[in-house]
Amino acid sequence: MSRDKADAFEGFVLDCQQKAFSVAYRILGNVHDARDAVQEAFMKAFKSRGDFRGDAAVTTWFHRIVINASLDLMRRRSIRRTVDEMPPDRVDDSRPGPGENAGISETRQIVRSAVDGLPERQRDVFLLRHFEGLSVREIGGTLGIAEGTVKIHLFRAVHSLKEDLSGYDL
Amino acid sequence: MICKDIKNLIPLYYYEELEDEEFAAVREHLASCEACGKELESVERVLKGVTVPEAPDFPEEFWSQNAAEIMRRVRKHPVSTPAAGRSMSRFAIPLWAAAAAVILFLFIMRVDTEPEPHAVSEQSGVEMPILNDIDLEDIEITLGIEGIEEKIDNLKGSPSLDDFDSGFARALDTIENSIDGFFMEFELIDPWGIDENGSV
């Protein structure tokens with residue numbers, strides 16, 4: 001790669017990595033996976049930079065890449081947990097990573113488990129609405145589904161969480 | 001609006017995702033219906049308890065290392081076409097000659113250069129077939145979902161089971177969402193299904 005291209009992209013990485021990490025962390029809930037998702041997002045952005053049409057701000061374009069990379073990783077993580085036990089050398093996702101508060105309350109863990117336990121699409125919609133603050137329309141655009149479908153998933157996700165968490169003192 | 005309809009709309013009311021008229025109708029109903037008011041309270045209590053996780057504060061060193069790791073991967077990416085006007089490296093002539101020699105050798109030896117039909121999955125370490133042919137009829141797509149053919153085309157020749165799993169899962173997601181969306185549209189109109197006259 002030419003030095004100019006690499007230097008230019010490095011500037012982009014330095015400018016955007018912290019915000020990207022925050023987005024990934026909100027979706028994935030732990031440092032390890034957030035770092036993986038952010039790295040994946042930057043690689044995707046680099047490979048597809050020629051596809052950027054300029055019809056939205058670069059930050060908006062990259063924000064969507066980070067969201068999709070995070071949701072993809074969450075999906076792979078769920079499949080791995082279902083089909084295969086986590087490899088023994090992989091740190092348990094629920095344990096605090098470097099810099100995380102080791103005193104995360106049990107209630108917060110219960111809440112996070114309830115969210116992570118939602119059916120995949122309901123979980124994706126709920127995460128994007130509740131944690132990322134995207135509108136129904138934006139969620140539909142990001143996930144490639146109709147707004148009506150987003151609303152149904154959101155209603156079901158909230159209903160499930162209400163059922164699962166109503167007995168806890170939140 | 002009846003209570004059954006209001007309860008379905010409470011999550012959207014909480015997130016302010018209703019059209020103005022619907023929002024006003026729900027608010028008016030909630031003002032006078034104790035049961036629906038309690039339903040809203042329970043939804044609010046749960047959703048306010050789902051706190052948005054904030055990323056920890058990391059020192060500058062963490063971000064430097066993170067950026068360095070990202071750039072290490074980026075710089076490994078295949079080199080793009082050299083800019084016009086650059087002079088050839090002093091190693092280019094021997095490499096060119098070596099490449100020509102390899103091609104000539106392969107031609108003479110008639111080595112089969114077709115890609116191996118299998119590849120080892122990075123995830124499981126198991127040798128898996130590369131998908132070069134996917135019969136859409138096997139998937140029994142009956143709703144004529146747009147884009148599914150393109151999505152599946154993108155899987156052809158994928159050497160990695162990770163790519164296959166991720167891509168195929170996304171393709172199936174598309175089918176499922178379309179199917180769900182097809183029936184969910186009916187649910188939105190009538191949450192309890194099509195009425196006794198078969199009308200929506």
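## Stop 1: a pair within one helix

Select D72(A) and R75(A): they are three residues apart in helix α3 of chain A, so about one helical turn separates them. Helices here are DSSP runs of H or I with at least four residues, strands are runs of E with at least two, and both are numbered from the N terminus. This is a predicted model, in which local features need pLDDT of at least 70 and side-chain atom pairs count only at pLDDT 80 or more, while totals for chains, interfaces and linings use all residues. Residues are numbered from 1 along each chain as its sequence is written, chains are lettered from A and ligands numbered from 1 in the order in which they are written, and side-chain values use heavy atoms, with hydrogens and water left out.

D72(A) and R75(A) form a salt bridge, with 2.9 Å between the closest N and O atoms. The term means a side-chain nitrogen of Lys or Arg within 4 Å of a carboxyl oxygen of Asp or Glu. Both D72(A) and R75(A) are buried (buried is under 20% relative accessible area, exposed is over 50%, partly exposed is in between; 1.4 Å probe, protein chains only).

## Stop 2

D72(A) has 11% relative accessibility and counts as buried, whereas K44(A) is partly exposed at 31%. Now extend the selection to E120(A), R121(A), R123(A) and D124(A), which are linked with K44(A), D72(A) and R75(A) in a network of salt bridges.

Next, select D33(A) and R77(A), a salt bridge with its closest N and O atoms 2.6 Å apart. D33(A) lies in helix α2 (residues 31-47) and R77(A) in helix α3 (residues 58-83) of chain A, 44 residues apart. Both D33(A) and R77(A) are buried. Over all chains the count is 17 salt bridges.

## Stop 3: chain A as a whole

Show chain A as a cartoon: it has seven helices and zero strands. Of its 170 residues, 46% are buried.

## Stop 4: the interface

Display both chains. 44 residues of chain B are in contact with 59 residues of chain A, contact meaning heavy atoms within 4.5 Å. The area buried between the chains is about 5,000 Å², with 64% from carbon and sulfur atoms; this is the accessible area (1.4 Å probe) that the two parts lose on being put together, summed over both. Select Y15(B), P53(B) and W63(B), which supply 12% of the area that chain B buries against chain A, more than any other three residues.

Four salt bridges join chain B and chain A. For one between these chains, select K162(A) and E39(B), with the closest N and O atoms 3.4 Å apart.

## Stop 5: the cysteines

How many disulfides does the structure hold over all chains? There are zero, a disulfide being a pair of cysteine sulfur atoms within 2.5 Å. Select C3(B): the closest cysteine sulfur, in C33(B), is 3.6 Å from its own, too far for a bond. For C36(B), the closest cysteine sulfur is in C3(B), at 3.6 Å, also too far for a bond. C3(B) is partly exposed at 30% relative accessible area, whereas C36(B) is buried at 0%.
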